[in-house]
Amino acid sequence: MESSGVTSIVWLRDDLRLDDNPALAEAAALGLPLTVLFILDEESEGIRPLGGATRWWLHHSLTSLGAALEAKGSRLLLRRGPAQDVIRQLAAETNAGHLFWNRRYSLPERTVDAAVKAWAGGNGIEAASYQANLLFEPWTVRTGAGGPYKVFTPFWRACLADGEVRDPLDAPRNLPAPPEGTGAAGDDLGSWHLLPTSPDWSGGLADTWDPGEDGAQRRLEDFLGGPAADYGTGRNVPGVEGTSRLSPHLRFGEVSPFRVWREIRGRFPREVPADVGIFRSELGWREFCWHLLYTNPELATRNYRPEFDRFEWQSLGSDELEAWQQGRTGYPFVDAGMRQLWQTGWMHNRVRMAAASFLVKNLLADWRTGEAWFWDTLVDADAASNPANWQWVAASGADASPYYRIFNPVTQSKKFDAAGSYLRRYIPELAELDGKGVHEPWKAGGELRGYPAPLVDLPESRERALEAYQRLKDS
Ligand code: FAD
């Protein structure tokens, strides 16, 4: 510890990485004894508790981060409780004079951060915050009239026109050691019970993912060196690895969007190929979702378009809801997606759209029912992207899919999984159906090893949805 005895704290949250971590880099450069802190805060007002799949991810990501910090001469201190209380207590224990963090953008989290900053200012502690997890902070992108954007294309155009994307920072070579005495006072990660037990359903997640910064870096390299070249078409085919699968890594900040941006520029210094440009605009959708959440903090609970408060959602029986959740609707494209979600914690985007459309349009269930299920089961469940996309599908959102766009799961699977490889992978009951029969198993006749008959008639349920949407429009 330096002679004055003053120390620093860096508080990591959705930025579980050493690379391009401005808060960590600044704290390291200051050179004071440094506590690297993560708080499990399930108590501060309004903070949405993590779902089961993100709890699993967090456990492994923190394990990986702890090891990476130790390799640099530091360690990760884990504490649990309302963040303000934890910080106050820790600052007193360590004689902290500096506090660093990277900014977050949900209202409850921003409220906590503002309160901590105010408290720090009143107590002689210098609190500094940085931009790390979004390329374009929500309040910096404004329409000509000075308001927030409601439509993606002009939003992204404005981002690209004005916004210089900074270069990422390298990970600090070494980190200052923690102040003496704080190590023992941390929680044991196991005591947080983030992993599922009785039953442990996480086997498929463990087979699929490698949480942590190294896993994120590998994904990025594999993607840019392979599927990125054909992303424009590959991204629509759920049976192949045509997308980056970076979403959970971005969700937890194991890779910085600035690093992704830089890697693309580095590989394509002259001109970004069209396919890679499409990938970059998907990163733009992530930014847009955060822009929407920032200006509509209740995006996960309230219709973005208030007229949808009058929409006649149907309350589903538990049988119908479970059939959707468990992938037993009788429509293979929907069911394969829902089973992929359950087994791996992730679902291909095209199938997410079809499965969500089936729930809110063919079954007329309130989009919040589906949002909650995805929140619990997705490893990339994200406070902005999940509700924004559900509202997009339901037509209640900003720049939403038109209400009359009802994904037909049979047409979708014939078009995007023509050979049925994705369907057969996740629905063993259909393994023996050859050729195109796999898209419409009810036409095969006979027993299908327990695969159910269709839950609803597609044309009828489509008509019912169109009528309900039309009534809303007319009312
Ligand atoms: P890629 O195609 O490789 O795209 C690269 C990155 O761009 C993604 O990692 C993601 O960060 C971002 N991105 C891509 N599409 C979108 C999109 N439509 N909206 C916002 N960001 C996007 N994405 C989440 O990250 N978290 C969620 O909770 C989430 N919930 C969704 C719910 C529904 C109903 C739907 C239709 C989509 C949802 N998405 C969500 C968006 C999208 O499905 C995933 O981001 C994508 O499938 C992740 O796979 P990938 O990393 O291979 O994507």
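I began with the backbone of Leu 246, where a polar atom is 3.0 Å from an oxygen atom of the ligand. I note at the outset that this is a predicted model.

Next I looked up Tyr 231, and found that an N or O atom in its side chain is 2.5 Å from an oxygen atom of the ligand. For Asp 380 I noted a backbone N or O atom that lies 2.9 Å from a nitrogen atom of the ligand. I then checked the area: the ligand taken alone exposes 820 Å², and the protein buries 97% of that.

Turning to the whole shell, I found 28 residues surrounding the ligand, with Tyr 231, Thr 243, Ser 244, Arg 245 and Asn 349 as the closest. By class, I recorded 15 nonpolar, seven polar and six charged residues in this shell.

Which helices each supply at least two residues of the shell? I listed H9 (247-251), H11 (274-295), H14 (349-362) and H16 (385-394), and noted that H11 gives the largest share, six residues. I also looked at the domains: the ligand lies between domain 2 (134-167 + 212-295) and domain 3 (306-474), because both give residues to the shell around it.

Last, I turned to a helix pair, H13 (residues 332-344) and H15 (residues 367-377), whose axes come within 9 Å and cross at roughly 35°. In this contact I found Met 338, Leu 341 and Trp 342 of H13 meeting Trp 373, Phe 374 and Thr 377 of H15, and I recorded the residues as five nonpolar, one polar and no charged.

Note on methods:
Residues are numbered from 1 along each chain as its sequence is written. This is a predicted model: local features need pLDDT of at least 70, side-chain atom pairs count only at pLDDT 80 or more; totals for chains, interfaces and linings use all residues. Side-chain values use heavy atoms; hydrogens and water are left out. A residue is near a molecule or strand if one of its heavy atoms lies within 4 Å of it. A polar contact is a pair of N or O atoms within 3.5 Å; within protein, one must be able to donate a hydrogen and the other to accept it, and residues adjacent in sequence count only if both atoms are side-chain atoms. Accessible areas come from the Shrake-Rupley method with a 1.4 Å probe; for residues, only the protein chains shown count as cover. Helices (H or I, at least four residues) and strands (E, at least two) are DSSP runs, numbered from the N terminus. Ala, Val, Leu, Ile, Met, Phe, Trp, Tyr, Cys and Pro count as nonpolar, Asp, Glu, Lys and Arg as charged, and the others, Gly among them, as polar. Domain bounds come from an automatic or database domain assignment. Axes are lines fitted to C-alpha atoms, for helices over the stretch in contact, and angles run from 0 to 180 degrees between N-to-C directions. Contact means heavy atoms within 4.5 Å.
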